[in-house]
Amino acid sequence: MGKYLVILNDEGPMAVKADESKDDLVNLQEAVGGYIEPIVTPERIDRGNGYISYVNENGLFTEGLKRNQIGEILFGYNMLYGNIVICKGDTPNTFFDSQEALEVMKIIHDYAEKIRKNPSAYAGLFGRQTK
């Protein structure tokens, strides 16, 4: 069956199979490229399921991480760099099964496509203003 992390970067969402030989915290740190910091998962993604998301704690200052503008708009944060990892529960040891990962990816993909087509129309709706 396997455990999956759902990752959102500026390219869009993707599911990555967790390396089950490693600790879950290590999987999360590798996915964000450093120490993890929890952020609120928007209701439009969470839909009452209790998902929690993580970013690189030092993303703004970590060399080589790209700005995640889709994530900024969708999550309502300014200055997000690198991957956002969405998890199934409120502890880092809860990943999705393959079907759940696909469902979450579809939700994110649909919003990401709308944002790409007209970012300024969606930024204010999701709590972030654009110039």
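In this report, a residue counts as buried under 20% relative accessible area, as exposed over 50%, and as partly exposed in between, with a 1.4 Å probe and protein chains only. The model is predicted, so local features need pLDDT of at least 70 and side-chain atom pairs count only at pLDDT 80 or more, while totals for chains, interfaces and linings use all residues. Residues are numbered from 1 along each chain as its sequence is written, and side-chain values use heavy atoms, with hydrogens and water left out.

**The chain as a whole**

Let's start with the overall layout. The chain has five helices and five strands, in the order β-β-α-β-α-β-α-β-α-α from the N terminus. These elements are DSSP runs numbered from the N terminus: helices are H or I with at least four residues, strands are E with at least two. Of the 131 residues, 44% count as buried. Contact means heavy atoms within 4.5 Å; among contacts between residues at least 6 apart in sequence, 58% join residues at least 24 apart. The chain exposes about 7100 Å², and carbon and sulfur atoms supply 50% of that area. Accessible areas come from the Shrake-Rupley method with a 1.4 Å probe, and for residues only the protein chains shown count as cover.

**An aromatic pair and a charge over a ring**

A search of the whole structure turns up one aromatic pair. The ring centres of Tyr51 and Phe96 are 5.1 Å apart and their planes meet at 85 degrees, so the pair is edge-to-face. Tyr51 sits in the loop between helix 2 (43-46) and strand 4 (52-56), and Phe96 in the loop between strand 5 and helix 4 (98-117), so the pair ties together parts that are 45 residues apart in sequence. Rings of Phe, Tyr and Trp (its six-membered ring) pair if their centres lie within 6.5 Å; planes under 30 degrees apart are stacked, over 60 edge-to-face, and the rest tilted. Tyr51 is buried at 16% relative accessible area, and Phe96 is buried too, at 1%.

Elsewhere, Lys114 lies over the face of Tyr111, at 5.6 Å from the ring centre. Here the rule asks for NZ of Lys or CZ of Arg within 6 Å of the ring centre and within 35 degrees of the ring normal.

**Ile70 and its surroundings**

Ile70 belongs to helix 3 and is buried, with a relative accessible area of 6%. Setting aside neighbours within four places in sequence, Ile70 contacts Leu8, Asp10, Ala112, Ile115 and Arg116.

**Salt bridges**

A salt bridge is a side-chain nitrogen of Lys or Arg within 4 Å of a carboxyl oxygen of Asp or Glu, and by this rule there are seven. Three of them are listed here.

| Salt bridge | N to O distance |
|---|---|
| Asp19 and Lys22 | 3.9 Å |
| Arg67 and Glu72 | 2.8 Å |
| Lys88 and Glu100 | 3.0 Å |

Lys88, in the loop between strand 5 and helix 4, and Glu100, in helix 4, are twelve residues apart, and their pair links distant parts of the chain. Lys88 is partly exposed at 32%. Shared partners join Asp19, Lys22 and Glu30 into one salt-bridge network. Arg67 is partly exposed at 29%, whereas Glu72 is buried at 0%.
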